[in-house]
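Dear colleague,

Please read the two together.

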Amino acid sequence: MISGAKKYVAVLLFFVCMCVIFFSQTAYAAEDSSQHETVKVGFFAMDGYHMMDEEGNRSGYGWDTLRLMARYWDVNYEYIGYDKSWGEMQQMLEDGEIDMVTSARKTPEREEKFDFSKPIGSNQCMVTVRNDNNKIVDQDYSTYNGMRVALLNGNSRNNDFDSFARERGFTYTPVYFDIISDMEEALEAGSVDAIVSSSMRATQDEHVIEKFASTDIYVIVKKGNTKLLNEINYAIDQVNAAEGDWKTELFNRYYTSVNEKNLEYTDEEMEIIEQYSSKDSPLMVLCDPTRYPYSYVEDGEMKGILPDYFRKLAEYAGVSYKFIISQSREEYQKYQADKEHVDLCIDARIETDNYAELKEWGLSVPYIDMRMAKVMRRDFSGNIEKVACVDQGASKTIEDVLAPGAEKVICDTRTDAMEAVKTGKADIAFVYYYMAQAFVNNDASGTMAYSMMDASVYQYRILVASKNNHALAGIFTKAIYAMPDNTIEDIAAGYTSYKASDMTVSTYVQIHPISSLMLCIFIAWILVTLVILWSRIKTRKKLQFITQQKAEEMAELAEHAQAANKAKTAFLSHMSHDMRTPMNAIIGFTGIAMKNNPSDEVRNCLEKINESSEHLLSLINDVLDLTRVESGKMKYSPVPADVKSITDSALDITKGFLTNRDINFKIRREEAKIPNVLADPVHLRDVLVNILSNAVKFTPDGGTITFEAHCQENGEDGYINMHYRISDTGIGMSEEFTKEIFEEFAQEDSGARTQYHGAGLGMAIVKKYVDMMGGTISVQSKKHEGTTFTVDIPLEITDKECNKSDTGFSEKVNLTGVNVLLAEDNELNAEIATVQLEEFGINVKRAVDGKNAVEIFRNYQERTFDVILMDIMMPEMNGYEAAKAIRAMNDRPDGKTIPIIAMTANSFAEDVQASLDAGMNAHLSKPIVIDEVIKTILRYVH
């Protein structure tokens, strides 16, 4: 029996090898002729220091430092470990998995293991709390007592903070984390009160209460790696000599923010504020009254975006003020020249400080970008013959630049200029953006339009007259920095948005003629539908008797169909087992052989065997999945899920497909947080991976693949719509074939099966999965230009907590002393499993079938075994029966608690449920993936 199985596998191996040779006669990759040194760099995630966006673009103080060094060093960096912790980085460096890592401080423990470069910067121990935390007061150490402090495992700053706490006489409760993002989430959630970290971390919504213990930071290499250390120090020397004060420049680039600015008023500034806070002698403030909605006069009061914003600044600073009301632009210009009665001008458009210095004015920082827009009628032809404008007295106006040669229609105000366009007196008007937006949004005729212009952006500042204390400019600048980022936009929305309460039926019809017509048609359709439904009710009663007879016939047919489905399910289950079992042997032995240092020629063959094995396994899965969907056995099983995590998983898999390919992979995703939903993670991920893998497969090197994902409102309460769009610049397909792409075994080119290793099942499965989830999928393509798939999936929003995925495990896991009972009747599969498990230090005792497994467990002392790996289809007694027998042993208490893990070629959902029903703890499908086996063992053994 054993020799027969080996012959069977040998034949399969020979067949796979021949297929590999046939499919890849010219698949030898060219040797890398690059002479550049490649250095593996530890690149761990930390805001401000190491950052990477969704498209893989890196930035941060640490990354910029590496790039500066690369200017003077013939090196290529290989970045490793973005998802690793700082402690794991040090271990990887010690184990030789990476060559260097930056941002390390010197400690006695580290100096025993690593060599240090010349300094690349300095940092301090930083303690931060949430911005809204008013209980913990800076340097009031009595308020620090008992605070819960987030500390990073392996961070030497923990010792600095502990010493600081003892010196200042306060106590704290440490809470340890592996990665910084978890610390930040804990602070946001309120489960900790403060974070201790390096000052090289960029903060958001946090307030720094302490900085102390300033030290240099270095690049570190493994102890004794003198050659690499010398190259690093050489590069640092050149950067220091040529790049100026690069450390300060990088620090300011990534760590200086409004939160870091000193926004508190000094004693000197408070004296100035006191001087200008009296209501009896307020600051006289000037603003143009002709720039609706930026600034205008109504009922004798100055209103608009700029006055409202200034009111907030004055309230923050605590100064008293009064607006000068001018009724026209001419009067406003006269006040501008008045040096006696004007203290502040809040709409000063001065590009540089040179002119202000000449006039002895004070200037604040710019607080608003005045973007230009062009206003025109919707039927504008594009030919500017007349331009409406305001006479500004300038030698060259924006109209001269943007509409040279056009006739000028002079108006009193910019609102009058836009009215001139509306009435046809002019073709176009150039005004500030919010002016255009307010005018068009409040125009009931619906005949006007506007568009923002890229050019001509002006900045407004607050001007302090020469007679006043110029330090007022600094006081208002601090107030500007203190305002929330969207203050201007929020104020502007109140002036530019159309108010629904102002709309009459007549106005609505004027603005939306097509929508109004459709509404009338819809009402008429409802009335007609009601009449038709009334007549059909009568007809339906007549059909009830006939329907009842047919129902009895259908019930009989359903019984036959159910019997056929049971037979089909049994057949599929056996087929799955029979095909996956030898595949387990092929993939397993290939993996074992790869780890035994084969020669280059043998390794090349093994890699091709592994590649073809994975392809054959995917074909087996496709055929079985397609048949199960058609038989109705595959069900849509939505669970609480995070769509972003599902999408991330699909993109990670795709990036694996792109290894050694020269394809530009673009990712465009919205930044808004997508709510938790009820989804089927496996099938949704399979849909995305299938489409993306096709895009990679059919796109030649040099091409581009674009992935877009957006969350859209579904129009139904409690639902969202996930919209995916995947485009490529690949070989494309004809319009005729796009109608057949979702059919089984559909391939446009007869040579595609050989060239691209496909059977034409992937898109058929995708279509069935999308239909099963209630979604839609469409395709657009053109030969030699590319293909675009569009997928929309409706998903129900849920408040339930999402399932958390495994976080993975280190390949250095040591399970020495763990005893496993392996129940496996197939000699080859047992040999593979034993070899792979023993590599992790596990002791394996094999049982040849289920009955033998029960006997071994009963005959060995209690708690001899830590876990049982159980095959299902075995002679004498199958896995289900064996598991039940072990659980039923009254004289062996450990029989009820020992983890039993199904490890079988039976991979369907009903097989998983059957394993759980038999008392097993988990279910793993063959071909076995040793990583998943070890993760599962760790979950139960430890």
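The secondary structure of the protein comes to 30 helices and 35 strands, where helices (H or I, at least four residues) and strands (E, at least two) are DSSP runs numbered from the N terminus. This is a predicted model, in which local features need pLDDT of at least 70 and side-chain atom pairs count only at pLDDT 80 or more, while totals for chains, interfaces and linings use all residues. Residues are numbered from 1 along each chain as its sequence is written, and side-chain values use heavy atoms, with hydrogens and water left out.

Of the 942 residues in the protein, 44% are buried (under 20% relative accessible area, with exposed meaning over 50% and partly exposed in between, for a 1.4 Å probe and protein chains only). Among contacts (heavy atoms within 4.5 Å) between residues at least 6 apart in sequence, 74% join residues at least 24 apart.

On a 1 Å grid over the protein atoms alone, a cavity is a set of points where a 1.4 Å probe fits but cannot get out, whereas a pocket is an open set with protein on both sides within 12 Å along at least five of seven lines, and lining residues have an atom within 4 Å of a point. Grid points are joined across faces, edges and corners, and a volume is the space filled by probe spheres set on the points.

The largest cavity has a volume of about 200 Å³. Its lining has 18 residues, of which Met46, Trp86, Ser103, Asn155 and Ser198 are the closest to its centre. At least two lining residues come from each of β5 (100-104), α6 (180-189) and β10 (194-198), and β10 gives the most, with 3 residues. By class, this lining divides into 9 nonpolar, 6 polar and 3 charged residues (Ala, Val, Leu, Ile, Met, Phe, Trp, Tyr, Cys and Pro count as nonpolar, Asp, Glu, Lys and Arg as charged, and the others, Gly among them, as polar). The second largest cavity, with a volume of about 50 Å³, is lined by Phe44, Ala45, Lys84, Ser85, Trp86, Leu152, Asp178, Ile179 and Ile180.

Turning to open space, the second largest pocket holds about 1,100 Å³. Of the 44 residues that line this pocket, the closest to its centre are Tyr332, Gln336, Asp347, Ala348 and Arg349. Helix α11 supplies the largest share of the lining, 5 residues, and the lining as a whole has 25 nonpolar, 6 polar and 13 charged residues.

Helix α16 (residues 471-482) has 12 residues and reaches 17 Å from its first C-alpha to its last, close to the 16 Å expected at 1.5 Å a residue, the expected span being 1.5 Å times one less than the number of residues. Among the buried residues of α16 are Leu472, Ile475, Phe476 and Lys478. In helix α29 (residues 909-917) lies Ser915, which is buried, with a relative accessible area of 0%. Not counting residues up to four places away in sequence, Ser915 touches Ile872, Tyr880, Ala902, Met920 and His923.

With best regards
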